[in-house]
Amino acid sequence: MPIAEQGYVHWDGRLDVHRRPWRPIARLGIRLAFRRKFFKFVLGMAFLPTLVFAAGVYISERIDDFQEMIRNAGEFLVVNPEWFKHFYASDYLLFWMLIIMVLAGAGLISDDLRHNALQLYFARPLRKKDYLQGKLFTLAFFLLLLTLLPGILFILLKIIFSGSFAFLAEYPWIPASVAGWSLFVAGFFSLYTLAISSLSRNRRYASILIIAAYFLSDIFFGIFFGIFRDPHFALLSIKSNLQQVAAAFLGAKPFFDVPWEYSAVVLVALAGLAAYVLTRRVRGTEVIR
Amino acid sequence: MEKSSLELRDIAFSYGPVRALQGVTVRIEEGACGLLGPNGAGKSTLLRILLGFLRPDGGEGQVLGHDIRKDAFGIRRLVGYMPEDDCFLPGMDAVTFTAYFGELAGMPRQEAMKRAHDVLYYVGLGEARYRLLETYSAGMKQRLKLAQALVHDPKLLFLDEPTANLDPQGRVEILDLIKDISSKKDIRVLISSHILTDIEVTCAAVVILNQGRVAAQGDLAALRQIDYSLYELRIKGEKEPYLQALGRARCRVQETEDGLLKVYLPAAFDRRELFRLAAGLGVQIRHFVKSRTSLEDFFAKTVGVD
């Protein structure tokens, strides 16, 4: 049958003018991330610290039962701000968060640029803000899954295993700190990843750039610190700055003898630069040649 | 429904010092309309303005009753846009892709999914709707772009080079669809194309832009008749002197491979003069038929190219 005879029926519904258009964008980003090779494996790996630290919460309440096993490691099993700092600022967690960003985020904008999809987005009643919100939420979802969710879980487990609210009475700021840090790191990493994604039309180049910028900054810190022995070179490293600010959020001892405010300024400046790059690279007026 | 699809009055736009559009006044009624013009004529800029991506420096206009300056979102809800470039999202199948853009247009999720199936069947992708878009051929991608433009049931379609990169059969099928959409489905269509025969086949009206201005607009049949008429001749005898005589009489002549002469007569030219010139040179006219002026002829004359 000729295609034109197959019929076209008008849609009798009404378009929703008061919707949140970032939602379908975020939902699609999350779905597509789960379809990527190795993504579930990587997500599983990123959850390993959560399992270990959750076990740690349990052991901390049954310390006498596990005395044989833990021997001199008892200090690591006191659930306090330092304990949370070791979780949130661990190299392992930050590394897997980065890998999640690469798999879920490197192509978020670069694929749209490569396949000319921006013009399809902006031919809809969609603002640049909606588009970027949708993409940011995709990444923030995974990052909050790895930070906010474990933090809440640890606090709940601590309350359940101890059978009291003594932990919250002793450290009342911890829930807010956990939420604050989770949002901060999710916001920073999301902007960082999206900005780099928007710089290239090739997902692979964007992936390499995301990893390279993170590790090279740390390598430079290592080199300069090795030569000059000045902890201020930690400001060169994205990872060290994140660790400094994580410690400050949680009210724990900083990793380096550098004011955490400096690190916060560096990270906020980087996030601001990323936001600027995004606004420049994602432009509605350039979508039709 | 609004009677005019779009109406622009004295639209002007500049990219810095470069004037892209000036004094563009266009009114497009129901049905299908072709947007023609050489490169740099301002077609893309006009589309950008119609979709609300650019604010004109001057003038005013409405698309389906929505102000192009104040209500870009209102326009985009009612308009479907099929871009020229290959556009898709990797890792998706056609149903998800089409439903996704329906949802972005404001359709409820379930409705968008149901509607995606319908329009994919309509454009002839029903059997391939679960295939990954990366595996689609050029023709399938064209149909997919049409499907995403139709999914939210727009009142007006902007089609940018809809038959680009298509084989002859695919081209015919897409043109059939466009004709069906514009004539039977109560959807108005604005087609920007370089392929003039596509416009001839699908459109009843045309707007020709040249150097940022409207060079001609109106009903295609009427425009063809405005300035000159076309006759097809076969002659016996010395051809060159006769062709020279026609040239002196300000007739434009094209000769086809099989010896057919296509003679364009100026507006006030008496066709009997063709016979007088032939008789004077001892040439016999063996074949004399009044022919339709093609859009190509009209376009060439309007924008001043050969």
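Modeller: A crossing of two helices is right-handed if the near helix is turned clockwise from the far one by less than a right angle. The model before us is predicted.

Colleague: What is the handedness of the crossing of α1(A) and α8(A)?

Modeller: In this model, α1(A) and α8(A) cross in a right-handed manner. Helix α8 of chain A spans residues 128-162, and α1(A) packs on α8(A) at an angle of about 40°, the axes being 7 Å apart. The angle makes α1(A) oblique to α8(A).

Colleague: Which residues of α1(A) make the contact with α8(A)?

Modeller: On α1(A) they are Trp22(A), Ile25(A), Ala26(A), Gly29(A) and Ile30(A); their partners on α8(A) include Tyr131(A), Phe137(A) and Phe141(A). By class, this contact of α1(A) with α8(A) has 7 nonpolar, 4 polar and 2 charged residues.

Colleague: At what angle do α3(A) and α8(A) pack?

Modeller: Angles under 35 degrees count as roughly parallel. Helix α3 of chain A, residues 48-61, packs with α8(A) at about 20°, with axes 9 Å apart; α3(A) is therefore roughly parallel to α8(A). The crossing of α3(A) with α8(A) is right-handed. Among the residues that meet are Phe53(A) and Val57(A) of α3(A), and Leu153(A) and Phe161(A) of α8(A). The contact of α3(A) with α8(A) comprises 9 nonpolar, 2 polar and 2 charged residues.

Colleague: How many residues of chain A are in contact with chain B?

Modeller: The size of an interface is often given as the accessible area lost when the parts come together. Counted by contacts here, 36 residues of chain A touch 41 residues of chain B. The largest share of chain A's side, 4 residues, comes from α7(A). That side of chain A divides into 21 nonpolar, 9 polar and 6 charged residues.

How values were computed:
Residues numbered from 1 in each chain as written. Chains lettered and ligands numbered in written order. Predicted model: local features only at pLDDT ≥ 70, side-chain atom pairs only at ≥ 80, totals over all residues. Contact = placed C-beta atoms within 7 Å. Helix = DSSP H or I, 4+ residues; strand = E, 2+ residues; numbered from the N terminus. Nonpolar A, V, L, I, M, F, W, Y, C, P; charged D, E, K, R; others polar. Axes fitted to C-alpha atoms, helices over the stretch in contact; angles between N-to-C directions. Parallel < 35°, antiparallel > 145°, perpendicular 65-115°, else oblique.
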